[in-house]
Amino acid sequence: MAAGYDFWTSCYHWSLGDAIAALVITPTLLYWCLKGWREIDAHVTELVALIAGFAGSLYFTFLLPHSDYPPWFCTVLCHF
Amino acid sequence: MVLYSAVPFLIWAATRAGPIGVSTLNSLLALVSIVALVEGKGPFSADYSQHSVVSVQLFLAVTSVPVLFVAILIQQRREVENFLRESQANLNQHYERSQLLAHKLISSQEHERRRIARDLHDHLGQRLALLSVALDEASLALPAGMSTEHSVIRGLLERVDEIHDDVRTLSHQLHSSTLQYLGLVVALKGLCRETARQHHIVIDFQSNDTDGIPQEVSLCAFRVTQEALNNAVTHGQAGQIGVRLQRKEDLLRIYISDTGIGFDAGVSSDGLGLISMRERLRMLGGRLIVNSQRGKGTDITAEVPIKEAA
């Protein structure tokens, strides 16, 4: 509301942000605290390749400039 | 579609690195997308407004939750598979142990039978023979006029001979020296003849060429037939039994059919005799097929591979 939005919009943003944070951060913390890495059966080289590929994809998606932003589904979803 | 370039890597992580891999990559994805948004870069940075924030949040929800769910399912499936594999290994181990135990049990039973048969034949049989000779001598030593004593001694001699016959039969049943020295066909013929004589029934025995059967297979076939005949006479009350021994290449097959009262093969559980027959055959890679109906007799087929056992 301080940013100039009405109560329900602020409430929506706040709830959605909390939910996403809980969905994304909580499993990560829990799995690392419960030593979930012991159940990884992939080889180290495979993990390195996975992380490198993922980092490359993040760089490609978020740091390189593209012309076709935003994707159509985001535009549609944002109107809810 | 550039936005989804990270999804294949998330799926890769779900299949190979499990939920921890997916959740870590999800966190990295969230961190990078938020930082990019704040710095005005990436697909959500058209304008830093409420739409961009909601877009990032929805993008993270759409990508991270399903992949994390898939990763958890894959992990659970893997755990179940591991559990099943361990259970299967344990089961196989126990099965092998029980097979070994059954093998040892049957071997020790054969050993014990052989020992008792030898004792019966060598000790009790010899003593009975000596008793018979002594009674004969006593009969000869008696004066001619003592007819009552003569008849008593003759009666005793007959009883001793009967006991001697029974001991010999029991000894042969426990361990057939005929099987050892003259082979399976002669031993089975003798077994059928002896059983028919003892129980006053008709046993028809037929066989084709069965040369070159290993001792182990012969003993198994003999014991199975012996048990089947015993069952047919004792439980089946059979008046007529057919025994057919057949060799087809590397397979020895024994058919035993009787005209007894039969039993319901689908309902009755195997008794000790049938279990023993099955175990003996299984030890040599063979099998037992029992067909029976109430009032319609019993057909037993025992098959033993000859090559494997040799």
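Two strands count as paired if DSSP finds at least two bridges between them. Keep that rule in mind for the sheet described below. The model is a predicted one.

## Chain B in outline

Chain B has nine helices and five strands. Along the sequence, its pattern reads α-α-α-α-α-α-β-α-β-β-α-β-β-α. Of its 310 residues, 28% count as buried. Now take contacts in chain B between residues at least 6 apart in sequence: 68% of these join residues at least 24 apart.

## The sheet

In what order do the five strands of chain B lie in the open sheet? The order is β1-β2-β3-β5-β4, and the pairing is mixed. Which strands form the edges? They are β1 (202–207) and β4 (287–292) of chain B, each of which pairs on one side only. On average, neighbouring strands of this sheet are turned by 10° against each other, direction ignored.

β5(B) pairs with β4(B) in the antiparallel sense, over six bridges. β5(B) also runs antiparallel to β3(B), and eight bridges join these two. Ala302(B) takes part on both sides. Its bridge partner in one pairing is Leu288(B). In the other, Ala302(B) is the bridge partner of Ile254(B).

| Strand paired with β5(B) | Sense | Bridges | Bridge partner of Ala302(B) |
|---|---|---|---|
| β4(B) | antiparallel | six | Leu288(B) |
| β3(B) | antiparallel | eight | Ile254(B) |

In a regular strand the side chains alternate between the two faces of the sheet. β5(B) has one covered face, made of Thr298(B), Ile300(B), Ala302(B) and Val304(B). Its uncovered face holds Asp299(B), Thr301(B), Glu303(B) and Pro305(B). The hairpin of β4(B) and β5(B) has five residues between the strands. There, Gly295(B) takes a positive phi near 80°.

Strand β2 of chain B contains Gln240(B). Is Gln240(B) buried or partly exposed? Gln240(B) has 15 other C-beta atoms within 10 Å, so it is partly exposed; a buried residue would need 20 or more. Leaving out residues up to four places away in sequence, Gln240(B) touches Ile201(B), Val202(B), Asp258(B) and Thr259(B). Asp258(B) is 18 residues from Gln240(B) along the chain, and their C-alpha atoms are separated by 5.8 Å.

## Helices on the sheet

Helix α6 (residues 184–199) of chain B lies across β1 and β2 (240–248). Helix α6 runs at about 170° to β1(B). Helix α7 (residues 215–234) of chain B lies across β2, β3 (251–258) and β5. The angle between α7(B) and β3(B) is about 10°.

## The cores

The largest nonpolar core has 31 residues. Which of them touch the most other members? They are Val217(B), Cys220(B), Ala221(B), Val224(B), Leu281(B), Ala302(B) and Val304(B). In chain B, α6, α7, β2, β3, α8 (272–283) and β5 each supply at least two residues of this core. α7(B) gives the most, with nine residues.

Leu281(B) has contacts with Cys220(B), Val224(B), Gly286(B), Arg287(B), Leu288(B), Ala302(B) and Val304(B), not counting residues up to four places away in sequence. A second, separate core has 24 residues. Its members include Phe62(A), Val32(B), Phe44(B) and Val67(B).

Helix α1 of chain B covers residues 7–16. Its buried residues are Phe9(B), Leu10(B), Ala13(B) and Ala14(B). An α-helix has 3.6 residues a turn, so residues three or four places apart point the same way. After α1(B) comes Gly18(B), with a positive phi near 75°.

## Where the chains meet

How many residues does each chain bring to the contact? Chain A brings 36 residues and chain B brings 42 residues. On the chain A side, α1 (7–33), α2 (44–63) and α3 (72–78) each supply at least two residues. α1(A) gives the largest share, 12 residues. By class, this side of chain A has 25 nonpolar, nine polar and two charged residues.

Key
Residues are numbered from 1 along each chain as its sequence is written. Chains are lettered from A and ligands numbered from 1 in the order in which they are written. This is a predicted model: local features need pLDDT of at least 70, side-chain atom pairs count only at pLDDT 80 or more; totals for chains, interfaces and linings use all residues. Two residues are in contact if their C-beta atoms, placed from the backbone, lie within 7 Å. Helices (H or I, at least four residues) and strands (E, at least two) are DSSP runs, numbered from the N terminus. Ala, Val, Leu, Ile, Met, Phe, Trp, Tyr, Cys and Pro count as nonpolar, Asp, Glu, Lys and Arg as charged, and the others, Gly among them, as polar. A residue is buried if 20 or more other C-beta atoms lie within 10 Å of its own, exposed if 12 or fewer, and partly exposed in between; C-beta atoms are placed from the backbone. Axes are lines fitted to C-alpha atoms, for helices over the stretch in contact, and angles run from 0 to 180 degrees between N-to-C directions. A nonpolar core is a set of buried Ala, Val, Leu, Ile, Met, Phe, Trp, Tyr and Cys residues joined through C-beta atoms within 7 Å.
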